[in-house]
Amino acid sequence: MTNQVVAYLQGNREQLLEKLYTYLRIPSISTDSTYKEDVAKTAGFTADYLKEIGFDKVTIQETERHPIVTGEWLGAGPDKPTALFYGHYDVQPADPLPLWDSEPFEPTERNGRIYARGVSDDKGQVFMHLAVFEAFMKTEGKLPINVKVCIEGEEEIGSTNLHAVLHEQTEQFQADFAIISDSGMVEAGQPTMLYGLKGAAALEFSVYGPDRDLHSGMYGGAVRNPLQALAHILSSLKNEEEVVQVEGFYDGVEELPEEERKLMAQAPGEDFVQTVGVPEAVSEKGYTAKEHTMARPTLEINGMYGGYQGEGTKTIIPAEATAKITSRLVPGQDPVDIVEKITAHIEKHAPAGVRVEVRPEPFKAKAYKVDPNHPLIQKAAESLTQAFGKETVFVRMGGSIPVVEWIDTVYQIPVVLLGFGTPEDRLHSPNESFPLESFDKGMETLVYYYQKASE
C-alpha cells in the first residue's frame with residue numbers, strides 16, 4: 001500500500017514542488033501589519049488545498065489578528081486512531097534583505113537546497129504533510145487514520161490567539177495523539193527522534209540608585225553604583241561550575257536516567273569550539289555539554305545595560321542599570337515558580353544603597369517530554385530509519401515550542417515531534433533553506449508513519 005503512495009510523491013515531485021513554491025511566494029509575515037492581506041491569502045491557500053485533498057469542515061477561523069485554518073477527515077472510522085496535525089503558515093520578516101543571495105519570497109534551488117523564507121520554518125514542513133495526505137487520497141482514496149488539522153498564522157508572534165482557541169474548542173481538536181513538524185535533525189541526513197523540549201521563563205530587572213547620573217569623583221565612595229550592584233547580583237546567580245545558586249531552582253528536577261544518557265551519547269554532537277569559536281565548551285558539573293543543553297535547566301543573562309556607552313570616558317555613577325534573564329526549564333519546573341525564586345534571589349542579594357525592581361516577561365512555557373519507548377515514538381523512529389536508511393537517534397532539544405505544552409496540558413495526549421530541518425537551515429536568518437533530501441525522504445517518512453500509526 002505505502003509503495004504506491006511513495007510512487008505518487010516521486011512521480012509528481014515537480015508539480016508538488018511548484019505548488020510549494022507558490023505557497024512560499026506569499027509573504028505571510030505575521031509580525032508586520034503591512035502583510036495582513038498576504039497572511040490572509042496564505043490561510044486561504046492552505047484551506048483551499050485541504051478542500052482539494054478531500055478534507056471536511058475546512059474553515060478559516062478569524063481571530064483578533066490572524067486566522068487559524070482547521071479541517072478534518074474522519075473517514076478511517078472509529079476503530080482507527082485520530083491524529084491532530086499542528087503547524088503554522090506564518091513566517092519571520094526577511095530583513096536584512098541585502099544579506100540574501102536570492103529573493104526571499106522567490107524560491108530558488110541551489111546546492112541541493114531550496115532557499116526561501118519559511119521553507120523550513122514552517123510552511124515547507126506543513127506542505128509536506130498536506131502533500132502526503134494528497135498522495136494517500138489520490139492512490140488509496142482514503143487516509144490510514146483519522147486526521148484533524150490546526151494550522152495557525154501567529155506562531156512567530158507567540159501564538160497570540162491559539163491558546164484560547166485550544167481551550168475553548170477542545171472537542172473540535174480532541175485526538176489520540178498530535179503530530180508536529182516544526183523542528184529538525186541533529187545533522188543533515190541523520191534521522192532524529194525528538195522526544196523532549198525545554199520550557200522557558202523570562203524576566204528583566206533594574207537597579208536604581210541616585211535620582212540622576214552623578215560625578216564619580218564627587219560621589220564615588222559615598223553612593224552605591226547601580227552598575228556594580230547589578231554585577232554583584234548577576235554574579236551571585238550561578239557559580240563557575242555552571243550550577244545555579246538560586247534557592248530551590250532544582251526542586252522537582254529529576255536526575256538524568258542512565259538510559260537517556262546513553263541515548264544522548266549516541267547522537268551526533270556539535271563541536272562548539274569549531275562551530276561557534278569558543279576556546280572550550282563548559283557545562284554543569286557532572287554533565288556533558290550535550291546532556292546539559294538537552295536535559296538540564298539553564299539560567300542565562302541575555303543582556304545588560306546602563307551608564308555611558310559612547311566614545312571615550314564619562315566619569316559618572318549612573319542612576320540605573322538593567323539586565324535581562326531567561327531560564328530554559330526541564331520537567332518538574334514551573335516557569336511562574338522559577339520567576340518567583342529568581343526574583344527572591346535578586347531582592348535578597350541586592351546590596352544596600354540601591355533599589356531593585358523585577359519585571360516578569362510574558363515569554364514562558366513548561367517543558368515537555370514523552371517516553372522515548374512509547375509505541376508512537378518507536379513507530380516514528382522506525383519510519384525515519386526506513387526512509388533515510390540510517391539508524392534513528394533520540395534527542396531532547398534546548399528550545400521551547402509553547403504549543404506542545406498547551407496540547408499536552410489541554411488534551412493530555414502524546415505529541416510526536418517529527419521534524420526534518422537541519423542545523424544549516426538558517427531559521428529566522430537571511431538565506432533560510434531546506435534540503436531537497438529532507439523534502440523527499442521526509443514525505444516518505446510521513447507515509448510510513450501514518451500507515452504504521454494505523455496498525
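**Strand pairing and helix packing**

Biologist: Which residue of β5 is the bridge partner of R110?
Modeller: This is a predicted model: local features need pLDDT of at least 70, side-chain atom pairs need 80 or more, and totals for chains, interfaces and linings use all residues. Residues are numbered from 1 along each chain as its sequence is written, and side-chain values use heavy atoms, without hydrogens or water. Strands are DSSP runs of E, at least two residues, and helices are H or I runs of at least four, numbered from the N terminus. In β5, R110 is bridged to R113.

Biologist: How many bridges join β4 to β5?
Modeller: Two strands pair if DSSP finds at least two bridges between them. β4 and β5 (residues 113-115) run antiparallel, and the bridges joining them number 3.

Biologist: Which strands stand at the edges of the sheet?
Modeller: The sheet is open, with 3 strands in the order β4-β5-β18 and antiparallel pairing. Each edge strand has a single partner, so one side of it lacks a neighbour in the sheet. These are β4 (108-110) and β18 (433-435).

Biologist: Which helix lies across the strands β4, β5 and β18?
Modeller: This helix spans residues 436-453 and runs at about 55 degrees to β18. Axes are lines fitted to C-alpha atoms (for helices, over the stretch in contact, meaning heavy atoms within 4.5 Å), and angles run from 0 to 180 degrees between N-to-C directions. The helix is α15.

Biologist: How far apart are the axes of α1 and α2?
Modeller: Two packed helices are described by the angle between their axes and the distance between the axes. α1 (residues 2-11) and α2 (residues 13-25) pack at about 65 degrees. Their axes are apart by 5 Å.
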